[in-house]
Amino acid sequence: MGYLWAGYALTWVAMAWFAWRLESRARDAARRLKKSPRGEADTPAVRSENESVRT
Amino acid sequence: MTEPTASPRLKGWHRLLAFLAVATTVVGSLIGLFVVPPDALQGNVQRLMYLHVPAAWLAFLAFFVVFVMAVLYLIQRDPRWDMIAAGSAEIGVLFTALTLILGSLWGKPIWGVWWTWDPRLTTTAILLVIYVGYLAVRSFAGDPDRRARWSAVVGIVGFADVPIVYLSVTWWRSLHQPPSSPMSMAPSMLWTLLLNVVAFTLLYGYLLVRKYQVAVAERALEDREAMR
Amino acid sequence: MEVWLRTWAILWKDILIEVRTKGTFTAMAFFAALILFIFSFAIGPDFDLLRRIAAGLLWVGITFTGLLALARTYHSEELAGGLEALLLYPGEPRAIFLGKLVGNLAVLLLVEVILYPVAAVLFHMDLTGKVLPVAGIAFLGTLGFSVIGTFYAALTLHLRAREVMLPLLVLPLLVPVLLGAVSATAALVDPAAAGGVGGWVRLLIAFDVLYFVVCTWTFPVLLER
């Protein structure tokens, strides 16, 4: 039954790793957006979107 | 170029989506492993089906989304479509690779070999290479416009090929092998399978939404750098 | 009408360049034959085995030679300052694709005219009385190869690592063409091979028509900016 457990373990590890990497990129992007000086690119729409990036 | 924005309606949903995705995936796996009865012929290894089939479904769904987004992008040239396409492709590659590995893990104890030229697995393997090509084009292209345009073309031309590949491999295999009979499933197995399909689809939705948000944020950061 | 004039102009320009520089076609033909030789050595003198897999080996040889030819599709334009120079002339940009397509198709078909007899000799393929059908399948397969290849050669022109990207993008899409051409040729040539030719021919035709339309239609997107 090693194949069965290997399959489930692999799936869970892969999906968890993928999701965790994605979440940390999101946190990172939100942090950098907060820190960097507001430029012309800063619009209300972008700001509200970035609020949602930080869960 | 106008600043890409996301519809504010996504904001409130995504937490609920994430929760549902994780919950259904956990429940689906638990039921698949411990609750539903094992297959009469194959035994417990057959439980891999509850991961393998949903992963395969997602592999093809994700590429279909890439295709639709690519067409929309070429027509409207809105960078939002391109961002969704890229996100879907990255998620799709994960599930395609998973499908192939799970297929091998399932096949070895049942058929004795790690790889059979089963038409669906073979098509999935080719899909993986097409995905890799798509992502390689994105990573090797120069500027965001070219990246979006060229990968859109690759996504469209590649997706159009998938049904043709499936058809041709099926014919090719039928020359050498009688068609395999579909597995008959008890109702409880079917329901477990459907639950896992829904779980994986929710997971895909959550990951895609998140990827899109990250893409928008990173694009805004890039634009700020450029403005300096 | 004007599109065809442009197509012909581009094709004729490439033919003239090829004839005057005299090098590449001969080298390509020798390269192709060499691949078949190497297959013979790698597989060994099992004549029955070679006969059974002859169609497959032949098409692998055509594929690798074809990739070389495709990589050079826009070579003369690159030397002269890029595809953009061609675009400065008014008129239909798709004519560039069509001209290059016919050019690649012609080169590959000429290579195959040499390669098929070489394969027949090396692998003991019996082609007597079947030359026309085999040639027809070769044409359909090569057309599919050329459509996809000419298209992606333009896409990868400005891409980093393009020598690797061209095969990476082209080969998965060509699986139906390869399966069709090899299976149909084998069914015609090898008495022991299973399967009918008609279905594969229909598949090849459908593939060629579909991708000819899609690639011709989408080509201008590749030329933007």
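Visitor: At what angle do helix H7 of chain C and helix H9 of chain C pack, and how far apart are their axes?

Guide: The general idea comes before the case. Two packed helices are described by the angle between their axes and by the distance between those axes. The model shown here is a predicted one. In chain C, helix H7 (residues 131-155) packs on helix H9 (residues 175-189) at an angle of about 175 degrees, and their axes lie 9 Å apart. Angles over 145 degrees count as roughly antiparallel, and H7(C) and H9(C) are therefore roughly antiparallel to each other.

Visitor: Which residues make the contact between H7(C) and H9(C)?

Guide: H7(C) contributes C:Pro133, C:Val134, C:Ile137, C:Gly141 and C:Gly144. From H9(C) come C:Val177, C:Ala181, C:Ala184, C:Thr185, C:Leu188 and C:Val189. By class, the residues of this contact are 8 nonpolar, 3 polar and no charged.

Visitor: How do the axes of H5(B) and helix H10 of chain C lie, in distance and in angle?

Guide: The axes of H5(B) and H10(C), the latter covering residues 197-223, come within 11 Å and cross at roughly 175 degrees. That angle makes H5(B) roughly antiparallel to H10(C). On the H5(B) side, the contact residues include B:Arg149, B:Trp150, B:Asp161, B:Ile164, B:Ser168, B:Trp171 and B:Trp172. On the H10(C) side, they include C:Trp200, C:Leu203, C:Phe207, C:Tyr211 and C:Leu222. The contact of H5(B) with H10(C) has 16 nonpolar, 3 polar and 2 charged residues.

Visitor: What does C:Pro176 touch, leaving out residues up to four places away in sequence?

Guide: C:Pro176 lies in helix H9 of chain C. With residues up to four places away in sequence left out, C:Pro176 touches B:Asp161, B:Ile164, B:Val165 and B:Ser168 in chain B, and C:Leu203, C:Leu204 and C:Phe207 in chain C. Among these partners, B:Asp161, B:Ile164, B:Ser168, C:Leu203 and C:Phe207 also take part in the contact of H5(B) with H10(C). The C-alpha atoms of C:Pro176 and C:Leu204 are separated by 7.7 Å, although the two residues are 28 residues apart along the chain.

Visitor: Is C:Pro176 buried or exposed?

Guide: A relative accessible area under 20% counts as buried. C:Pro176 has a value of 1%, so it is buried.

Visitor: How many cavities of 30 Å³ or more are there?

Guide: Rolling a probe the size of a water molecule over the atoms shows where empty space is left. In this model the count comes to 4 cavities of 30 Å³ or more. The second largest cavity has a volume of about 50 Å³.

Visitor: Which residues line the second largest cavity?

Guide: Chain B supplies B:Val129, B:Ile130, B:Gly133, B:Val154 and B:Gly158, and chain C supplies C:Tyr152, C:Leu168, C:Leu169, C:Pro172 and C:Leu173. Helix H4 (119-140) and helix H5 (144-174) of chain B, together with helix H8 (162-173) of chain C, each give two or more residues to this lining. The largest share, 4 residues, comes from H8(C). The lining divides into 8 nonpolar, 2 polar and no charged residues.

Visitor: How many helices and strands does chain B have?

Guide: Chain B has 6 helices and 0 strands. Its C-alpha trace spans about 65 × 40 × 25 Å along its principal axes. Of its 228 residues, 53% count as buried. Among contacts in chain B with a separation of 6 or more, 80% are between residues 24 or more positions apart.

Visitor: Where does B:Gly32 lie, and what does it touch?

Guide: B:Gly32 lies in helix H1 (residues 9-35) of chain B. B:Gly32 is buried, with a relative accessible area of 0%. Residues up to four places away in sequence aside, B:Gly32 touches A:Tyr8, B:Arg47, B:Tyr50 and B:Thr192.

Visitor: What is the phi of B:Arg77, and what is that of C:Ala161?

Guide: B:Arg77 has a positive phi of about 55 degrees although it is not a glycine. B:Arg77 lies in the loop between helix H2 (49-76) and helix H3 (79-111) of chain B, and at 32% relative accessibility it counts as partly exposed. For C:Ala161, phi is near 55 degrees, again a positive value in a residue other than glycine. C:Ala161 lies in the loop between H7 and H8 of chain C and is partly exposed, with a relative accessible area of 35%.

Methods
Residues numbered from 1 in each chain as written. Chains lettered and ligands numbered in written order. Predicted model: local features only at pLDDT ≥ 70, side-chain atom pairs only at ≥ 80, totals over all residues. Heavy atoms only, no water. Axes fitted to C-alpha atoms, helices over the stretch in contact; angles between N-to-C directions. Parallel < 35°, antiparallel > 145°, perpendicular 65-115°, else oblique. Contact = heavy atoms within 4.5 Å. Nonpolar A, V, L, I, M, F, W, Y, C, P; charged D, E, K, R; others polar. 1 Å grid on protein atoms, 1.4 Å probe; cavity = no way out; pocket = protein on both sides within 12 Å on 5 of 7 lines; lining within 4 Å. Points joined across faces, edges and corners; volume = space filled by probe spheres on them. Buried < 20%, exposed > 50% of the residue type's maximum accessible area, 1.4 Å probe, protein only.
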